[in-house]
Amino acid sequence: MFLRTIRAERMKLKSSPVWLAFFILPILPAVMGTFNYLQNIGILEEEWYSLWTQHTLFTCYFFLPAIIGVYCSYLYRLEHLNHNWNAVRTVPIPVSYLYFAKLVMASLMVLLTQVWTGLLFVLSGKLCGLSSPIPPELLDWLFFGAIGGIVVCALQLCISLIIRSFAVPVGIALIGGIAGLAAVAKGYGVWFPYSLLCLGMRANHPGGPMQCGVFQFALCCLFYLALCVAVAVLWMKNRDVVAG
Amino acid sequence: MRKALAMEFQKTRRRKVWVIVSLLLVVQLLWSFWGIGRMDAHERTQGWMFFFYQFPLLNSIMMPVIAAVVASRLGDIEHKGNTLKLLSTVMPTGQLFDAKFLCGAFYLSSTVLLQVIAMIAVGCAAGFEGAPPALKLGYYLLFTTSVSLTIFLLQQALSLLIQNQMIPLAVGILGSFAGLFIMFFPEHLERFILWGYYGVLMFVRMNWDTTTRITEFYYLPADWIGFLTLIVLFGIIYLIGRTLFIRKEM
């Protein structure tokens with residue numbers, strides 16, 4: 001049953017150009033960040049690590065959360081239009097499946113974005129002529145970044161479920177990302193969901209360990225995921241739909 | 001036209017458009033408080049210049065997305081209700097485009113004006129050296145408003161022309177991203193991207209001495225050629241956007 005729900009979500013996204021935004025987003029920092037790195041090669045001495053910061057710093061804080069916000073708003077767009085909630089809620093499947101199916105689709109997009117970011121990073125490094133080997137931590141950065149991204153997806157899906165507007169959740173994601181920057185700077189990053197993405201990707205400090213322990217990071221991610229799922233399911237179970 | 005504009009404000013009632021622009025303002029103010037809190041006596045002597053350097057940077061990150069959000073809020077209401085065709089039978093389509101622009105422009109201009117008022121208040125309270133530089137504040141107000149309104153105009157045209165709001169919002173985010181990055185590039189490149197004009201019209205630059213770690217700000221003459229280019233861009237976007245909207249099947 002759950003697989004069929006996911007299939008329905010895939011059908012809703014068929015021929016949609018939404019993937020294009022995720023395709024272009026990492027290209028911008030890859031081209032411009034690499035150029036900036038080459039311009040400042042005298043100050044940025046840590047080769048791959050400096051290049052990683054150039055590629056990911058602005059993306060993680062400001063733009064990836066906002067693009068995830070656009071994607072999550074888009075996933076709920078069809079339900080919020082016309083009287084579609086009536087049709088969706090009369091389908092005989094548990095309400096949690098509706099949320100989980102969207103979470104799977106959004107998470108898949110984040111995973112693909114991470115793979116694309118990794119590929120562009122390696123390609124840029126090679127084109128820059130970096131002589132040292134590719135940092136072994138790269139897979140860690142991408143993996144933990146993806147986990148942090150999935151938490152942002154879960155939260156944005158909750159917001160887009162509750163707020164029927166398309167654009168407002170995107171504004172919230174942007175402001176959340178900026179607040180995440182402040183939280184990381186103050187050392188509270190692990191407690192703030194929007195900071196988990198850049199903490200996981202080690203965007204501001206790729207050479208060292210994560211600001212918090214891996215166990216604490218995983219625990220916080222799980223907590224926020226569980227919280228978002230609970231809020232979404234309770235919201236759908238207890239609130240009557242607003243259709244039209 | 002006055003009726004059309006009043007109608008647009010009626011439509012935004014309880015849609016809380018001001019909440020999103022207020023949030024932007026609060027975040028920017030908190031950011032500047034944070035910066036001021038860490039300032040030493042030398043930095044306070046250059047406080048006003050610090051503001052004129054920091055706020056365009058913050059604007060280039062946040063303002064395009066906020067403009068996209070406001071434009072989408074104003075445009076999407078018509079797509080959701082399928083009201084464009086109906087409206088085109090009771091008023092000229094071009095007037096609707098203008099009224100929506102003026103309505104959004106009110107929100108964005110008010111935000112920039114409040115930014116300037118907040119800058120003066122915070123600067124005086126923090127004890128920045130000298131009286132608030134009225135002329136420079138005037139430049140900031142003029143330049144920031146004109147860049148924000150040009151970006152808003154583009155976003156509004158996209159939001160009204162394209163039913164799928166994902167596209168204008170993605171354009172806003174990617175544009176903002178490119179505009180921020182291009183600030184770190186050689187100056188002439190900024191002129192090729194609309195979102196880079198927060199940087200083009202920034203009239204303060206910074207010198208950072210890597211050995212002493214002292215930051216020195218200095219004023220540049222206002223870039224009137226950049227401003228004129230922006231006005232021309234505004235005219236082109238207005239003409240193309242409005243014409244396409246009028247010709248579009250509602």
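## Contact between the chains

Two residues are in contact when they have heavy atoms within 4.5 Å. By this rule, 36 residues of chain A and 33 residues of chain B take part in the contact. The model is predicted, so local features need pLDDT of at least 70 and side-chain atom pairs count only at pLDDT 80 or more, while totals for chains, interfaces and linings use all residues. Residues are numbered from 1 along each chain as its sequence is written, chains are lettered from A in the order in which they are written, and side-chain values use heavy atoms, without hydrogens and water.

Buried area is the accessible area (1.4 Å probe) that two parts lose on being put together, summed over both. For chain A and chain B this is about 3200 Å², with 85% of it on carbon and sulfur atoms. On the chain A side, A:Met32, A:Phe63 and A:Ile175 lose the most area to chain B, together 19% of what that side buries.

## Salt bridge

A salt bridge is a side-chain nitrogen of Lys or Arg within 4 Å of a carboxyl oxygen of Asp or Glu. The interface of chain A and chain B has 1 salt bridge. A:Arg77 and B:Asp76 form a salt bridge through their side chains, at 3.0 Å from N to O.

## Cysteines

The structure has 0 disulfides over all chains, a disulfide being a pair of cysteine sulfur atoms within 2.5 Å. A:Cys128 is too far for a bond because the closest cysteine sulfur, in A:Cys60, is 19 Å from its own.

A:Cys128 is buried, at 18% relative accessible area. B:Cys103 is also buried, at 0%. Buried means under 20% relative accessible area, exposed over 50%, and partly exposed in between (1.4 Å probe, protein chains only).
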